[in-house]
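Here is a quick tour for anyone meeting this structure for the first time. Have a look at it, then read on.

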Amino acid sequence: MDRRSFLRLCALAGLAPSAVLAASHAQPRMLQMNGYPINAETPLELLTDYLTPAELFFVRSHWLPRMPDPKTWKLTVDGDVAKPLTLTLADLKKLPRAEATCVLQCSGNGRALHNPTLPGVQWRYGAVGNARWSGVRVRTILEAANVKPSAKHLHLFSSDDPPGKVPPFRRSIELEKALADAIVAFEMNGAPLPPQHGAPLRLVVPGWAGDHWMKWLVRISAQPQPQTGFYMDTAYRWPNNVGAPGVAFKPEEMHPVTELFVKSNITTAPASAHVGTPVDIRGFAFSGVPDIAKVELSDDDGATWRAATLDPRHDPYAWRLWSYRWTPKRTGSAMLFVRATDIKGNSQPREAIWNQSGYLYNAWHSATIEVKA
Amino acid sequence: MTFLAFLLAALPTLGTQFKQLPAGKGKAQVEAACYACHSADLLAQQRLTAKQWTATVEKMMKWGAAVQPADKQVVIDYLAKHFGPANKFTPTATKPVGK
């Protein structure tokens, strides 16, 4: 039985491919954006830890993945290298170990919040998490392969081939970025990388959007030119000159999405409070540059802002947890806005930039609190 | 590893629920065309105009979705009727993934 026949059988029988039904109100939980292939985001109120547990980390799948068999899996390193390599997981584990604790965010996180509305997975807030990724630096591997000066891009290939005539998900990143801080990771938060997060090996690209973080990696190839294909030439692109909401651009008027935009979210806020009684508001903030400079909150529609306290835990490109003690002054419905500013001075805008694929949403986030006497 | 063997191995990591599409003219054609690659949620969460649905269906047909030419408009009409700009979608709460 082939893949298509099997799925059709499941559909006709009215069965979940997993046949596992979850308790709808169980805690902790995920928000299912698609049953198969699985796409799920984390409820914001659960994103309160510095390290997001793997089982609560959002999952993005383009189609039912053809995950590699770990027993026979190998990583091929080829292209403009003097010494092509074929590495097993055991080979990789013998190389100098590298770690990065950093944010992974889907490019389309927040797509559902754009207006006019857009096709695609309707992520709201939770296609983001912060984890400790362990493996080997890409630089270490490419140096072992004697990468040639002609190589300018690293082409990425996974075992995740799509059905039918669907174009394969193939990407590339600039070699400069790959050499600077990219990692091929076989562990997540100190445990073997789970299958849904790309086992046995995925790419980690600190500060860059998730479309570069190739899962189920099987081959990296050093090349003089960028990768071509639908997922480079049409998808995951950002307009060179931003237009008004609803204005679409041709692919040649756009460039690949790379660095994340500065962003903060509120994860913890009470539904109600009392005048004069302080309440704690909490959340996280991150950017495509290594750190956040400040997080501020406003209870007067952005007229004045007060600084939140940043948690001391931090690694380059990781998120900063923050907290803010707010004391309501009057009764009624209060709206608290949060905005972050990164160390390069980029500040979160009140309105996100609409773009035709709904990438990198980063408008001010808010919480509404009913204040009683 | 065959695809079926892979899928069976992957099932415990999924833990998701299967949603049904609303009844209506075109439902059977939509299911036949779309379920080969993804479940109903991906359709049910969209809020697209008829023009956007037309572009989406044409893209999917180009990518191999099994839509008979005579059924194309029926599929578009079903999707535009049920999942237009005013559509409301609430994600289903599921268990942690892979737990």
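## Chain A overall

Take the contacts in chain A between residues at least 6 apart in sequence: 71% of them join residues at least 24 apart. Contact here means heavy atoms within 4.5 Å. One thing to keep in mind is that this is a predicted model, where local features need pLDDT of at least 70 and side-chain atom pairs count only at pLDDT 80 or more, while totals for chains, interfaces and linings use all residues. As for bookkeeping, residues are numbered from 1 along each chain as its sequence is written, chains are lettered from A and ligands numbered from 1 in the order in which they are written, and side-chain values use heavy atoms, with hydrogens and water left out.

Chain A has five helices and 23 strands. Its radius of gyration is 22 Å, close to the 21 Å that the globule rule gives for 373 residues, so chain A is as compact as a globular protein of that length. (The radius is taken over C-alpha atoms, and the rule is 2.2 Å times the number of residues to the power 0.38.) Along its principal axes, the C-alpha trace of chain A spans about 70 × 55 × 45 Å. Of the 373 residues, 56% count as buried, meaning under 20% relative accessible area; exposed is over 50% and partly exposed is in between, with a 1.4 Å probe and protein chains only.

Helices (H or I, at least four residues) and strands (E, at least two) are DSSP runs numbered from the N terminus, and two strands pair if DSSP finds at least two bridges between them. Strand β17 of chain A covers residues 279–286, and six of its eight residues are buried.

β17(A) runs antiparallel to β15(A) (residues 263–268), with five bridges joining them; A:Lys263 has A:Phe286 as its bridge partner. β17(A) also pairs with β21(A) (residues 320–326), again in the antiparallel sense, over seven bridges.

## An open sheet

Another group in chain A is an open, mixed sheet of five strands, in the order β16-β23-β22-β18-β19. β16 (272–274) and β19 (306–307) of chain A sit at the edges with a single partner strand each, so one side of each is left without a neighbour in the sheet.

One pairing puts A:Ala273 with A:Val371.

## A loop residue: A:Phe261

A:Phe261 belongs to the loop between β14 (254–256) and β15 of chain A. Its relative accessibility is 25%, so A:Phe261 counts as partly exposed.

Beyond its neighbours within four places in sequence, A:Phe261 touches A:Trp238, A:Phe286, A:Ser287, A:Leu360 and A:Asn362.

## Over in chain B

Helix α5 of chain B (residues 72–82) has these buried residues: B:Val74, B:Val75, B:Ile76, B:Tyr78 and B:Leu79. Their cover includes α2 (27–34), α3 (41–44) and α4 (50–62) of chain B.
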